[in-house]
Amino acid sequence: MAEPMSQVVASMPRGRFVALMTLFLGPAVVVYTLFSIWPLIATMGLSTYTTDSSGAYRFVGLVNFVTLLTDSVWSKPFWNAAWNNLIFFCVHMLVQNPIGIALAGLLSLPGLKLRAFYRTVIFLPTMLSVVIVGFAWNLILSPLWGVAEGALKAVGLGSWFAPWLGLPSTALVTLALISVWQFVGIPLMLIYASLLNIPDELIDAARVDGLGHFRIFLHIKLPLVLPTIGLVSILTFVGNFNAFDLIYSVKGALAGPNFASDILGTFFYRTFFGNQLQLGNPTMGAAVATVMFFIILVGVCLYLFIVQRRMRRYAF
Amino acid sequence: MFKQRAQTAGVQLILIAYSLLAVGPILLVVMNSFKARSAIFGSPLSPPTADTFSLIGYMKVFHASLIVTYFANSLIVTLVSMGLVLLFGAMAAWALTEYKFRGSTALALFLSIGIMVPIRLGSVAILKMMKAAGLNDTLTALILVYVAQGLPMSIFILSEFVQQIPKDLRDAARCDGVPETRIFFEVIAPLLRPAIATVAVFTIVPIWNDLWFPLILTSSDTTHTITLGVQQFLGQYITDWNSVLAALSMAILPVVAIYVVFSRQLIAGLTAGAVK
Amino acid sequence: MANLRIDRLNKSYGPAQVLIDINLAIDNGEFVVLVGPSGCGKSTLLRMIAGLDGATSGDIYIADKLVNALAPAERRIAMVFQSYALYPHMDVRKNMTFGLKFTGVAPAERERRVAEAARMLRLEQLLGRYPRDLSGGQRQRVAIGRAIVREPDVFLFDEPLSNLDAALRVSTRVEIARLHRLLGATMVYVTHDQTEAMTLADRIVVMSQGRIEQVGKALDLYYAPANLFVAGFIGSPAMNFFEGAVETASGGIARVVGAGFEPLDLPIAAVDRGAKLTIGVRPEHLRIAGQGLFATSGVVELVERLGESSFAHVRRTDDKMLVVEVRGRETPGVTETVAFRAPLQDIHVFDASGRRIEAKGGD
């Protein structure tokens, strides 16, 4: 409902109003546009150029994209990275969200003892830098130190141990699980807040209706929390593109072993900056960034369309 | 009744187990950073005793790296960015909520695009811009980028808080003839203090822990932030377990300390923001 | 028999005792209202009956069965909540049948019950709608419908009218009374509004600070309140109180004197000289310069004119305020000094601890 403009504001001379708006909105809009929006557009623009060793730029249209997606020198690592990104995302959805939901459900049980303690402790890893987390787990899982091996041996699962981070087949999933370990706090908090939002009387009514705790969770709490789970999913989706930090700190820019842990973020970094195997290529880097942008755009649009429409259903 | 007790016990067991999983690795790292090398490998799971206690790793870190500089850099960048995000964001949130003009909705939408789209994708152009402006390898470059990154979310959160402020206060000030700018700075802004916790959670942590932009925008050792500094130190001294563990612990402990002290406000801020 | 009995019920939260020695017996088909100010424990008591919270000590019997250890669903009760507590993600029909599914009622039977309840509450057109599309009054009817389909022994209502606007409150109140006559069910109803209590209840339970102050029919509480609290709580505007003491007491007559009224000879026995008493008279029982044992006067400060009856706010000689109901067009003017009288039958006497003392004899 639009509020009528106050008389004071409406009677302000136009010049003054513009000056006022410039003062209030100027700084934010300028910084945001300059360093957030403009670089994005410039990058997309740059992706339509190519450059050579002399530093001159030549307009080539969509050639870079064609190369990226089809030329095997580029497309193989690109699709590899894209596929890995998908696996990374799936591991998060399959592991992080159910754990987050379950923990949120447990933490929101009425009369739970030590609730504040658990909440603080379980959210702790999310506060840490990814570098720390990556390295700490690298050490723990390292066969040299033997802590993980020892812990598994203690529960009789010693035979399970392998240098997971070093094997091409398991490196990516291991890294994904480390990321889940760190970031489960976010879906946990968001879903927890959502659960708290459910009026107590609703739960009481369900108890009077004859539902036990588990059924209440399944039939009442979960459906009402679904919009938040949708939000968590899209945040995970977008956030996974930033997983560069973790992979880089554990595996370096080459995302080994043998590019098994390469995701689009590391691929972008390598393409743009180069490394010991290749020279930096800003235009191809820009192309990779543009592709990533469109992937994210599609994901966000899907979210806004599907989830946001359903969200209107559950007003209290 | 018995079923109740068993259920409660089961719940507590699960939560304790997960808490151990969450905190265990951190405790392990910190504990072992205070031990001599032989004890780290010999008995990794036991805390340092009088025999095994050693600060050799920490001394190495202080000598071989500019860890204090890194810390100071991170502090400057984070605090200045936070301050600017709050100031610019509050002004923008106020203007967009209070003064509806043609295009204000479009502007609000424009500003909220940044919530979903990672700013990193524009890094190619950002680096070019910084180089052209002579800001390459400065803390200023980081601050500008982080402010741009933090504005959309904070404007979103602050708008919600601004809407909660009773309109009567603004009307009373207007009746008294107070100019609009003063209304914002002296009436509205102080009332946004509760919002600081929420904005802080969403802004400070990503900035402090960020690896990407320091990596791309800073090249010399003296401009590194603590995240980048520690990462490079780790890469360099990877076989020196004492130093590595000490560096990790030094990066962990300040964050944990602040977190434990402010955990209630932090979590309240996060849940308040989430509810919106 | 869907009766309800509560024996020596106590509830504490840590050091705070919120229910103290509650004893109550409710007959099959009775409509009992628990009324009292905020924090008196009425909602807590209701929740204990429902089984949503456990008691610290004491027993609750529903239909002659001890239910202390039983979950709410096993107690054969149904509850209507203050905020309706309708499941937002289910339509009206689903809201009403949801609980029945889990207590093993067959689909055909569920349908029958829903149709019956919908007919009773005029909800037939709304069965496919969602709670967010209903008005407050409609939502409340759905909440009541959800309770009806459970076919409980006891209906529990937790301040169901508090969230409705004034006009809706009156019509829904009538609806609930009608329902009670129709179903003949045992109902326990919690409210802070004494008008609701007076109009709906077969018997009223007045509570204060965790205790039952008095149980009785509406008019019994009105004409013979057992203590100072009940006297001041029931009746609107509230009863006027005057502090006094016994000057002399002999032969069954006590002369009571006090700052706000003329000396009074009351036919009360067993009081000592010097005993402190409180005299109570309702605003509607004071007449301007009429006949009566009790006499007081004061300066009129304000007259609230409501039509046929008006309320005069008078500053008494002991500097406290007196409220008097005046009927008809002629009302005293402001700053006038007016005298009021009341007959013995309308005088209430309370001892120093607040308990009622019987004043025998006519005027």
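The domain assignment of chain A gives domain 1, residues 14-59, and domain 2, residues 71-314. The model described here is predicted. Between the C-alpha centres of domain 1 and domain 2 of chain A the distance is 32 Å. Eight residues of domain 1 of chain A and seven residues of domain 2 of chain A form the contact. On the domain 1 side, the elements that give two or more residues are α2 (14-46) and β1 (49-51) of chain A. The most come from α2(A), which gives four residues to that side. By class, the side of domain 1 of chain A that touches domain 2 of chain A holds four nonpolar, four polar and no charged residues.

Chain C is also divided into domains, with domain 1 covering 4-232 and domain 2 covering 237-357. The C-alpha centres of domain 1 and domain 2 of chain C lie 38 Å apart. Seven residues from domain 1 of chain C and nine residues from domain 2 of chain C take part in the contact. The side of domain 1 of chain C that touches domain 2 of chain C is made of five nonpolar, two polar and no charged residues.

**Chain A as a whole**

Chain A contains 14 helices and four strands. Its C-alpha trace spans about 80 × 75 × 30 Å along the principal axes. The radius of gyration of chain A is 25 Å, whereas a compact globule of 316 residues would have one near 20 Å. Of the 316 residues in chain A, 41% are buried. Among contacts in chain A with a separation of 6 or more, 67% are between residues 24 or more positions apart.

One helix pair in chain A can be described in detail. Helix α3 (residues 63-70) and helix α4 (residues 72-107) of chain A pack with their axes 5 Å apart and at an angle of about 70°. The two helices, α3(A) and α4(A), are therefore roughly perpendicular to each other. In this contact, A:T67, A:L68, A:L69 and A:T70 of α3(A) meet A:W74, A:S75 and A:F78 of α4(A). By class, the contact of α3(A) with α4(A) has four nonpolar, three polar and no charged residues.

**Chain B against chain A**

In the contact between these chains, 64 residues of chain B meet 66 residues of chain A. Several helices of chain B each supply at least two residues of the side that touches chain A, among them α1 (2-33), α4 (67-98), α7 (139-164) and α13 (241-275). The largest share of that side, 12 residues, comes from α13(B). By class, the side of chain B that touches chain A has 49 nonpolar, 11 polar and four charged residues.

**A proline in chain C**

C:P283 sits in the loop between β14 (276-281) and β15 (287-288) of chain C. Is C:P283 buried or exposed? C:P283 is buried, because 21 other C-beta atoms lie within 10 Å, and the cut-off for a buried residue is 20 or more. Leaving aside neighbours within four places in sequence, C:P283 is in contact with C:P237, C:N240, C:F311, C:V323, C:V324 and C:E325. C:P283 and C:N23 are 260 residues apart in sequence, and their C-alpha atoms are 33 Å apart in space.

Conventions:
Residues are numbered from 1 along each chain as its sequence is written. Chains are lettered from A and ligands numbered from 1 in the order in which they are written. This is a predicted model: local features need pLDDT of at least 70, side-chain atom pairs count only at pLDDT 80 or more; totals for chains, interfaces and linings use all residues. The radius of gyration is taken over C-alpha atoms; the globule rule is 2.2 Å times the number of residues to the power 0.38. A residue is buried if 20 or more other C-beta atoms lie within 10 Å of its own, exposed if 12 or fewer, and partly exposed in between; C-beta atoms are placed from the backbone. Two residues are in contact if their C-beta atoms, placed from the backbone, lie within 7 Å. Axes are lines fitted to C-alpha atoms, for helices over the stretch in contact, and angles run from 0 to 180 degrees between N-to-C directions. Angles under 35 degrees count as roughly parallel, over 145 as roughly antiparallel, 65 to 115 as roughly perpendicular and the rest as oblique. Ala, Val, Leu, Ile, Met, Phe, Trp, Tyr, Cys and Pro count as nonpolar, Asp, Glu, Lys and Arg as charged, and the others, Gly among them, as polar. Domain bounds come from an automatic or database domain assignment.
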